[in-house]
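Look over the sequence and the structure first, then read the points below by topic.

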Amino acid sequence: MSTPSRPRRTLFTPFALVTSAAKLLPAGTDSLTLAVSVGGTPPGTSYLEDGKTLAGQDVDFAAAVAKVLGIRLKREAASFEAILPALDSGKYEVGVGNFGVTDERRRTIDFVTYINDGQGFATREDSKLDKVTDLAQLCGLNVATGAGTTFEATLEESKHVCSDAGEKAYKVQTYSEQGAIWSSLQQGRSDIVMSTINGLRHAVAQQEGLKFLNEFHRLDVGFAFKKGTKLAPAFRAAVNKLIADGTYDRILKKWGTTGSAIEKSEISPPELKN
């Protein structure tokens, strides 16, 4: 992990061996600009107490891949909803932020998978909700979620389930920061939260008066790139090397996310349907 005085040191290993994965990089690639979604809670990326050093599962995976490839990652903090459009414009070359692989996103973004996470729900302990298996159960409720996420898209696309059932539609409340989502729930402005499975489990374990309801929809999660990138084969090979040498398992254990392990990395696989 990097130190406050030299926050990028662990992202570059000048003596890294040239591996078969590194040979897949486009000629002359020695550094890449990495956009990191910050503002979440573990295992998502957040700042350490020094206010400068980034820590989280995505950061660790990016650093490990960079070491395998022998490249430098120039990290830039960015909001979740801004990263994917910025990849398309060329502002960033790689993005991380627990980006779920969906068929909609695959139209404009290439992915290299490294974990399996997905969508879930949490609420206050005094809620009558026990498990959400159908979004029609949310009719009439205020649902808090992250802006620009698959959760927001899923909720907006499915609002019709309430009118179809003759019920009052649920209200989607979006926030750019995880802290604001949980404050909304704890203070009663929201009735339920839809977010990442791993993020919900961690938040519920750390905060009193909350309960994790259930997993709703599993999704592969990947490094994000501009469509047509030539970087994907090298990143896939690097992730598979981490899986083979045990580094992958160590990162998952560090963040308590072993349930998100994948057997092998893939390039832009079809969206999981479940």
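Are helix 8 and helix 9 roughly parallel or roughly perpendicular to each other? The model is a predicted one, and in it helix 8 (residues 232–245) and helix 9 (residues 247–255) pack at an angle of about 80°. Helix 8 and helix 9 are therefore roughly perpendicular to each other.

**Helix packing**

- Two packed helices are described by the angle between their axes and the distance between the axes.
- The axes of helix 8 and helix 9 are 4 Å apart.
- Helix 8 contributes Leu242, Ile243 and Asp245 to this contact, and helix 9 contributes Thr247, Tyr248 and Arg250. Sorted by class, the contact of helix 8 with helix 9 has three nonpolar, one polar and two charged residues.
- Helix 1 (residues 57–69) also packs with helix 8, at an angle of about 105° and with the axes 9 Å apart. Helix 1 is thus roughly perpendicular to helix 8.
- On the helix 1 side, the contact is made by Ala64, Val65, Val68 and Leu69; on the helix 8 side, by Ala234, Phe235, Ala238, Val239, Lys241 and Leu242. By class, the contact of helix 1 with helix 8 has nine nonpolar residues, no polar ones and one charged residue.

**Nonpolar cores**

- In soluble globular proteins, nonpolar side chains tend to be buried together.
- The largest nonpolar core here has 37 residues. Phe61, Val65, Leu69, Tyr114, Phe223 and Phe235 have the most contacts inside this core.
- At least two residues of this core come from each of strand 1 (31–37), helix 1, strand 5, strand 6, strand 10 (210–226), helix 8 and helix 9. Helix 1 supplies the largest share, eight residues.
- Beyond neighbours within four places in sequence, Tyr114 is in contact with Asp58, Phe61, Val96, Asn98, Val221, Gly222, Phe223, Val239, Tyr248 and Ile262.
- A second, separate core has 15 residues, among them Leu138, Leu155, Cys162 and Leu213.

**Disulfide**

- A disulfide is a covalent bond between the sulfur atoms of two cysteines.
- A search of the whole structure finds one disulfide. Cys139 and Cys162 form a disulfide with their sulfur atoms 2.2 Å apart.
- The torsion about the S-S bond of Cys139 and Cys162 is about -100°, so the disulfide is left-handed.
- Cys139 lies in the loop between strand 6 (109–124) and strand 7 (142–146), and Cys162 in helix 5 (residues 160–164), so the pair ties together parts that are 23 residues apart in sequence.
- Cys139 and Cys162 are both buried.

**Positive phi**

- Most residues other than glycine have a negative phi.
- Asn98 has a positive phi, near 60°, and is not a glycine. Asn98 sits in the loop between strand 5 (94–96) and helix 3 (103–106).
- Ser268 is not a glycine either, and its phi is positive at about 45°. Ser268 is found in the segment after helix 9.
- The relative accessible area of Ser268 is 13%, and Ser268 is buried.

**Thr150**

- Thr150 lies in helix 4 (residues 150–157). Thr150 is buried, with a relative accessible area of 11%.
- Thr150 and Gln119 are 31 residues apart in sequence, and their C-alpha atoms are 8.2 Å apart in space.
- Leaving aside neighbours within four places in sequence, Thr150 is in contact with Thr102, Arg105, Gln119 and Leu219.

Key. Residues are numbered from 1 along each chain as its sequence is written. This is a predicted model: local features need pLDDT of at least 70, side-chain atom pairs count only at pLDDT 80 or more; totals for chains, interfaces and linings use all residues. Side-chain values use heavy atoms; hydrogens and water are left out. Axes are lines fitted to C-alpha atoms, for helices over the stretch in contact, and angles run from 0 to 180 degrees between N-to-C directions. Angles under 35 degrees count as roughly parallel, over 145 as roughly antiparallel, 65 to 115 as roughly perpendicular and the rest as oblique. Contact means heavy atoms within 4.5 Å. Ala, Val, Leu, Ile, Met, Phe, Trp, Tyr, Cys and Pro count as nonpolar, Asp, Glu, Lys and Arg as charged, and the others, Gly among them, as polar. A disulfide is a pair of cysteine sulfur atoms within 2.5 Å. Buried means under 20% relative accessible area, exposed over 50%, partly exposed in between (1.4 Å probe, protein chains only). A nonpolar core is a set of buried Ala, Val, Leu, Ile, Met, Phe, Trp, Tyr and Cys residues joined through side-chain atoms within 4.5 Å.
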